[in-house]
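Reader: I am new to this structure and would like to understand the words used to describe it. Could you take me through a few of them?

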Amino acid sequence: MNTDELEHALFEAERRVREIQTKLHRWATDDPDRRFDDLFNLVGDPAFLLVAWDRVRGNKGARTAGVDGQTAYYVEAVQGVEGFLDRLRSELKDRSFQPIAVRERMIPKPGTIKRRRLGIPAVRDRVVQASLKLILEPIFEADFLPCSYGFRPKRRAHDAVAEVHHFAKHSYEWVVEGDITACFDEISHSALLDRVRRRIGDKRVLALVKAFLKAGILGEDGALRDTQTGTPQGGILSPVLANVALSVLDEHVAGMPGGPRSTQWQRAKRRRNGFANYRLARYADDFVIMVSGTKAHAEALLTEVAAVLSTVGLRLSPDKTLITHIDEGLDFLGWRIQRHRKRGTISRHYVYIYPAKKALCAVMAKVKTACHQDTNLPLEVLLHQLNRMLRGWTAYFRHGCSSATFNYLRSYLWTQVFGWLRRKHRRAAWKELRRRFTRDGWWPADDDLALFNPAAVHTKRYYYRGAQIPSPWPSVV
């Protein structure tokens, strides 16, 4: 199959997949108790496998091999995409497909000396997982609540931060900062499959999900270990399964007296009678529960949350789970959310969001590392590295009160880059460095390539969207 034929086949496949996903989502939305049968044939459908392959191939992880040593590029060059997908389809059709163990990779946790486990599946398993996700996601999206934002289509971390900011301004002043211990490693398989069975009645699909959960891990030490709990962090299907398990917390908070399902009149009555109201914002396994009440109400909530999470095999970290007041501030998804007195006023206080100190230190450490590498590299290479890093960082943090942080980062960046230039050209005078490596006599540049200026990034508030986030499938109202 040549390139033009593959592109046309992919276009037709994406259209077919979108049509089927729309139907699945509509049926799941119309009937909350419906269980779906006969889904297994869709997993091996040529259109679903082709779209799944395209997503696996377009992912950065395509360059990383599983335990079989094969990458997506190897499949293209040696096996051929068409033959590879045909073999996968045949194995799924005759029920001979069996996932193989994931390759363990321990990666450092940001800001700590601890490491977390990343499981890298084989390419063939990734494709089947991606195909399975295309089927399960529209079904479970009908059940997921608006307070969940992580790894869901049309949603992002800014929505979770905007929700915390919105309710912190409206009397939800006490915050329970939840931290789940090793969430992806400790999810109970039996509890997770029970929640999947609520919607999926096809035993072949359930068996395939269970096979992925029980595939095992090949450790960095070469030892093969069984997986009795958890879903490997790094698998394509893992975020969907984690959201299915963690939705038990969403449903509990939503159904609590004073929760999101309570009416405005009911919440006002509870506050008049001395009871609390609650709101949850969750991004994957990071969550905060905002309390409109007293500290005692927030403390009483901890035991209740721990009991709910224990039903899916999870537990709260006693050291990292905190109860804070909005005046003290909290760190959430890289942002600092805190109420301050507005500068220039006496009694006006507002809730501000700006980059957390930890996030700023992390990007400064990356800049310092880049500027302390080999000085034999040309300036152009260094500028490309820094620009790519800084554009992504500032794009994430531009939706807040970030101007002061961006100006501080600009100053630090200039110091580090010129420090690198002075080490590279030890005999060059300051005037010569400014003449050769700047445009305006001040800001570093190399010919047409200038160093990215964080202070020039325009900041803009990201507004809370609530339940107004559009459906991933446009034909569903």
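This is a predicted model: local features need pLDDT of at least 70, side-chain atom pairs count only at pLDDT 80 or more; totals for chains, interfaces and linings use all residues.

Reader: Why is Thr-231 called buried?

Author: Buried means under 20% relative accessible area, exposed over 50% and partly exposed in between, with a 1.4 Å probe and protein chains only. Thr-231 has a relative accessible area of 2%, so Thr-231 counts as buried. Leaving aside neighbours within four places in sequence, Thr-231 is in contact (heavy atoms within 4.5 Å) with Phe-184, Ile-187, Leu-213, Ser-238 and Leu-241.

Reader: What makes Phe-151 partly exposed?

Author: The relative accessible area of Phe-151 is 45%, and therefore Phe-151 is partly exposed. Phi of Phe-151 is near 55 degrees, a positive value in a residue other than glycine.

Reader: Why are H6 and H10 called oblique to each other?

Author: The axes of H6 (residues 123–141) and H10 (residues 203–213) cross at roughly 135 degrees. Angles under 35 degrees count as roughly parallel, over 145 as roughly antiparallel, 65 to 115 as roughly perpendicular and the rest as oblique, and H6 and H10 are therefore oblique to each other. Their contact is made by Asp-125, Val-128, Gln-129, Leu-132 and Leu-136 of H6 and Val-205, Leu-208, Val-209 and Phe-212 of H10.

Note on methods: Residues are numbered from 1 along each chain as its sequence is written. Side-chain values use heavy atoms; hydrogens and water are left out. Axes are lines fitted to C-alpha atoms, for helices over the stretch in contact, and angles run from 0 to 180 degrees between N-to-C directions. Helices (H or I, at least four residues) and strands (E, at least two) are DSSP runs, numbered from the N terminus.
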